[in-house]
Amino acid sequence: VEEVEKLEEQRDDGEDEVEQTEPDKSFEELGLDSRLIRALDKKGIEKPTPVQKIAIPIILEGKDVVARAKTGSGKTLAYLLPLLQKLFSADSGSKKKLAPSAFILVPSRELCQQVFTEVASLIELCRVQLKAVQLTSSMPTSDMRNALAGLPEILVCTPACIPKCFAAGVLEPSAISDSLEILVLDEADLLLSYGYEDNLRSVTSIIPRKCQCLLMSATTSSDVEKLKKLILHNPTVLTLTEEN
Ligand code: ADP
Ligand code: MG
């Protein structure tokens with residue numbers, strides 16, 4: 001496994017040092033689409049946070065990424081912006097996919113709601129033809145079926161929803177193997193400790209080789225290492241220091 005440790009060596013350095021090595025880049029300079037920049041502008045978000053500066057260009061390159069940065073550092077937009085951009089440019093016109101192109105797996109219902117709200121608002125502000133849905137594992141099967149019937153490009157849910165969808169026949173594993181382009185594990189450090197390992201395996205066993213995998217976490221734990229081995233191919237590892 002080839003890993004590039006970024007900023008790890010700055011762990012003991014002061015804040016000034018980090019700022020010196022991190023030029024004051026704008027969202028444009030990170031390579032983001034003008035529709036996303038405008039959407040951010042409307043949300044009053046002007047400058048990328050350190051984890052966004054580092055992660056966005058690497059994710060746009062299509063690399064698998066493990067990003068560790070403290071809570072509140074802006075990890076959600078660090079993956080949502082490049083994820084949306086990738087879906088903007090995917091050739092969606094020709095044939096409609098039978099399963100989502102992106103899964104965002106989160107450890108709790110609250111986070112599911114938060115991420116869904118963020119992605120839905122970005123889609124609306126960008127005025128693009130993309131659809132996101134959220135599922136919770138306590139939903140009746142009919143609601144899951146309805147949510148997926150509109151062929152959303154983005155699915156936000158807890159890992160427990162996936163085997164439930166398979167069992168109910170509302171998602172086909174073979175369609176996911178055809179369609180999935182991006183898999184995000186948000187708060188990856190919590191996903192295993194909350195007991196989602198078996199659920200995650202039902203996803204990781206069918207993700208296509210071409211799928212880009214992003215693993216976001218606030219801490220490094222043996223669980224994150226385990227997930228990394230389970231799903232990532234030659235990831236770029238980004239570790240931001242506490243000062244960031
Ligand atoms: P994390 O997932 O790292 O804990 P979040 O993605 O939840 O952090 O972001 C924390 C807060 O910071 C959110 O309220 C978010 O809207 C805000 N935020 C994210 N990026 C920026 C930015 N570039 N500029 C200003 N605020 C931001
Ligand atoms: Mg987060």
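Before I show you anything, one definition: a helix axis here is a line fitted to C-alpha atoms over the stretch in contact, and angles run from 0 to 180 degrees between N-to-C directions. Please also keep in mind that this is a predicted model.

Okay, let's start with helices α3 and α4. Helix α3 covers residues 50–60, and its axis comes within 9 Å of the axis of α4, crossing at roughly 25 degrees. Angles under 35 degrees count as roughly parallel, so α3 is roughly parallel to α4. If you turn the model to look at this pair, the crossing is right-handed.

Who meets whom here? On the α3 side we have Val-51, Gln-52, Ala-55, Ile-56, Ile-59 and Leu-60. They meet Lys-75, Leu-77, Ala-78, Tyr-79, Leu-81, Pro-82 and Gln-85 in α4. Sorted by class, that contact has 10 nonpolar residues, 2 polar and 1 charged.

Which helix gives the most to the shell around ligand 1? The answer is α4, residues 75–89, with 3 residues. There are 13 residues around ligand 1, and the ones that come nearest are Thr-71, Ser-73, Gly-74, Lys-75 and Thr-76.

Next, a note from a record. An unreviewed UniProt entry lists residues 25–53 as a short sequence motif, the Q motif. In the model, the end C-alpha atoms of that span lie 7 Å apart. The span is 45% helix and 0% strand.

That brings us to helix α2, residues 34–42, which packs against helix α5, residues 109–126. Their axes are 9 Å apart and the angle is about 115 degrees. That makes α2 roughly perpendicular to α5, and the crossing is right-handed. Arg-35, Leu-36, Ala-39 and Lys-42 in α2 meet Leu-122, Leu-125 and Cys-126 in α5. This contact has 5 nonpolar residues, 2 charged ones and no polar ones.

One last pair, and then I'll let you go. Helix α7, residues 161–168, and helix α10, residues 197–204, have axes 8 Å apart and pack at an angle of about 60 degrees. That makes α7 oblique to α10. From α7, the residues are Ile-162, Pro-163 and Phe-166, and they meet Asn-199, Ser-202 and Val-203 in α10. Here the classes are 4 nonpolar, 2 polar and no charged residues.

Note on methods: Residues are numbered from 1 along each chain as its sequence is written. Chains are lettered from A and ligands numbered from 1 in the order in which they are written. This is a predicted model: local features need pLDDT of at least 70, side-chain atom pairs count only at pLDDT 80 or more; totals for chains, interfaces and linings use all residues. A residue is near a molecule or strand if its C-beta atom, placed from the backbone, lies within 6 Å of it. Helices (H or I, at least four residues) and strands (E, at least two) are DSSP runs, numbered from the N terminus. Angles under 35 degrees count as roughly parallel, over 145 as roughly antiparallel, 65 to 115 as roughly perpendicular and the rest as oblique. A crossing is left-handed if the near helix is turned anticlockwise from the far one by less than a right angle, and right-handed if clockwise. Two residues are in contact if their C-beta atoms, placed from the backbone, lie within 7 Å. Ala, Val, Leu, Ile, Met, Phe, Trp, Tyr, Cys and Pro count as nonpolar, Asp, Glu, Lys and Arg as charged, and the others, Gly among them, as polar. UniProt positions are given in the numbering used here, feature names are shortened, and annotations may be inferred rather than shown by experiment.
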